[in-house]
Amino acid sequence: MTKSKKFVFACLFLIAVAIILWQLSSKEFFKKQLSNILGEKPVLASVPTSYLNNTRTQQFNKYGLLDYTLTADIIRQFDVDAITTPNLIIDQPFLTIYDDETESNGPLVIEKLKSNAASPMVVSTVSADIAEGFDNNDKLTLKGNVIVTQIDENGDPSQLRTSILYLEPSRRYAQTDKPVIITDTEGTTSATGMKIFFNEKRIELLSKVNSQYTPR
């Protein structure tokens, strides 16, 4: 067989393989499209069903007092069927979590607030680049430049930074398994994984804890 014939056969073989691969991919593509049309495998829509700008949401506790607020640049809602798939995308979320003394002594706290016309005290603020959530509960996954700011009983601030934070505002609880860095008046502490209990103003570091104290 001459070189030219070998070259021709090689070209024909490559063309045949390309045609087979194209047919297989085309069948798979149309199969997926048909499945989506029939509703067999719902997928996240590329276009949101609702779109809100510059939002501010308030959540109140069982005594009618402010529990937390959520502001955002944009909230996009998608139509999804899977209950485990977030259907809310929130740009630049900022949460303000307030003191919840009513959990231990509700009636007295309410009377105190009414008599003094005082606003609830801020326990913590939480911000991030983006958050994923659900419209039927308040569980949020905050991502990108997550910052948690807290004020201790002495009025001293502390700031925690991480990349991902799983937050449940109504439970007043948050956690992550990612590296965290905490900066306060005493110095800097790093760790991997932590839990935040907002009511107790307590942070539990899980592993690889390293602290560097600032001399006074």
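Modeller: Let's go through the pockets, then a hairpin. This is a predicted model, where local features need pLDDT of at least 70, side-chain atom pairs count only at pLDDT 80 or more, and totals for chains, interfaces and linings use all residues. Residues are numbered from 1 along each chain as its sequence is written, and side-chain values use heavy atoms, with hydrogens and water left out.

Biologist: How much space lies in the largest pocket?

Modeller: About 420 Å³. A pocket is an open set of points on a 1 Å grid over the protein atoms alone, where a 1.4 Å probe fits, with protein on both sides within 12 Å along at least five of seven lines. The volume is the space filled by probe spheres set on the points, joined across faces, edges and corners.

Biologist: Which residues lie nearest its centre?

Modeller: Ser-158, Ile-182, Asp-184, Lys-201 and Ile-203, out of 21 lining residues. Lining means an atom within 4 Å of a point.

Biologist: Which strand gives the largest share of that lining?

Modeller: E11, with five residues. Strands are DSSP runs of at least two residues, numbered from the N terminus.

Biologist: Switching topic. How do E10 and E11 run?

Modeller: Antiparallel, joined by nine bridges. Strands pair if DSSP finds at least two bridges between them. Thr-192 stands opposite Ser-207 in E11.

Biologist: What's in the turn?

Modeller: Four residues separate the two strands of this hairpin. Lys-201 is in the turn, with a positive phi of about 50°. Lys-201 is also among the residues nearest the centre of the largest pocket.
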